[in-house]
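Me: I would like to learn how to read a few local features of a protein model. Can we take them one at a time?

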Amino acid sequence: MSVPSQFYEYVDQHRSDFIDRLAKAVAIPSVSGDASYREHVFEMSKFIVKELEALGVTVRTVDLGKQVLDGQEIQLPPAILGSIGDDPKKRTIQLYAHYDVQPALLSDGWDHEPFKLTHDEKTGRLYGRGSSDDKGPLLGWINVLEAHVKLGLELPVNLRFCFEGKSHWITNSKLGMEESGSEGLDDLIKAEVGPGKFFEGVDCVCISDNYWLNDRTPCLTYGLRGISYYKVTISGPAKDLHSGVFGNTVHEPMTDLILLMSRLVKPNGEILIPGLEQLVAPLTDEEKQRYEVLDYSIADIEQSAGAPVALSSDKSAVLMGRMRYPSLSLHGIEGAFSAPGAKTVIPAKVHGKFSVRLVPNMTPDNVDPLVITYLKAEFAKLNSKNKLEVENLHGGKPWAVYKKTPDLTREGGSIPVTLTFAEALGVNVLLLPMGRGDDGAHSTNEKLDVSNYIEGTKLLGTYLWEVAATAPKS
């Protein structure tokens, strides 16, 4: 069973239409981590439902409950479940993507309005928030479906869609879904497994929410790092104080926080929390060989970062630092003065945020005690009269399983739902990236190359035909 040539021809002929579809999606600022944008996340969900239904997909949206965000209780974005095809002789493929995006403001350093897709004709790049993460890949599946429907081609497999709009916000177990009586997408997936349920008969799951290592070589991803995201709160005075009156007279929360966060990780990336490194699965010779043969160089990471700042000149060491070893990153401080100008205030309460990327055999459950115990011990050494509170805001376990041989990679980022699908459905999960390593997801000037969008759409369609051909239903 080969891929019909007219499928490829249709994708090429409708390139402009597909770019226009992406432009409409990017124009919807579906930022899930800011309560003021929540209406736009719902707007994006309606856009997707309309696109799917127009192509014959049976769709239902599922209420996931409420959350507390920015001090107010608001509705969670719905999960979108869709199905097309119910032929018992065909394989059934479950597709996952997310329709929410990271925050983006022109003042952050964007060269273009982040929520207006900008096509740079010279470079062939499409700039806009969500273009690569994850609206481009999500729409790639819709493009594939459109081509088959419009051409009158029978799909080679049955398709199930599961799209979510909350992958980019951090849930607080004290304030979020648990308090409103909903566990979110993970619980929905588990509840929809079994006879007569939505995920019945699914043979495998395909996710396109990751990236190539570079801008040359496609890859297949067989592993993901997990994550534990922490919030460290230091509080003392009952209110913000004037430094001219109270400086050098009281214990200052900001001073404590800076010292505490400086004791988490060294500039060379070494994590200072005792016991974490001992949780990491040993490196085998076979695995080490995989990193040595990958099409990757120090120039690739420095090009992607935009500066010569790699921690090492050893390619394998850098790759293992991204893929198979944990990392600890400091993300920000909340509650301190950050506006332009000079304000001489001593903040009464500050919150430091950092995360640990987890690898086998690390889990949030065995990492949390080490992190929290260490922070409390280091805080005690300060002999401060301020108060410390440590919270884990979010956790996800690690997962491991173009005319060019793809690289086999483990991804440095985290997609916690991957493990949920694998464990709840008991099937294999494939991560099939569309974007390149220099797309700048989560950063300013996020982009998706036109070639990756169009050829990536062909790749997604080809995958469905290859599954049908190489793993026919017995």
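Me: Where is the place of N361?

Reply: This is a predicted model. N361 sits in the loop between β15 (349-358) and α12 (364-381).

Me: Which bond joins P360 and N361?

Reply: For a peptide bond, read omega. P360 and N361 are joined by a cis peptide bond, with omega about 10°. The bond from D133 to D134 is also cis, with omega near 10°. D134 belongs to helix α4 (residues 131-151).

Me: Is N383 buried or exposed?

Reply: The relative accessible area decides this. N383 is exposed because its value is 63%, and exposed means over 50%.

Me: Where is H442 found, and how is its phi read?

Reply: H442 is in the loop between β19 (428-431) and β20 (447-449). Its phi is positive, about 75°, although H442 is not a glycine. With a relative accessible area of 45%, H442 is partly exposed.

Me: Which residues form a nonpolar patch on the surface?

Reply: V245, F246 and V250 do, and together they have about 230 Å² of accessible area. V250 lies in the loop between α7 (243-246) and α8 (253-262).

Key. Residues numbered from 1 in each chain as written. Predicted model: local features only at pLDDT ≥ 70, side-chain atom pairs only at ≥ 80, totals over all residues. Heavy atoms only, no water. Patch = residues over 30% accessible without salt bridge, like charges linked within 9 Å, V, L, I, M, F, W, Y side chains within 5 Å. Areas by Shrake-Rupley, 256 points an atom, 1.4 Å probe, with all protein chains shown as cover. Salt bridge = Lys/Arg side-chain N within 4 Å of Asp/Glu carboxyl O. Helix = DSSP H or I, 4+ residues; strand = E, 2+ residues; numbered from the N terminus. Buried < 20%, exposed > 50% of the residue type's maximum accessible area, 1.4 Å probe, protein only.
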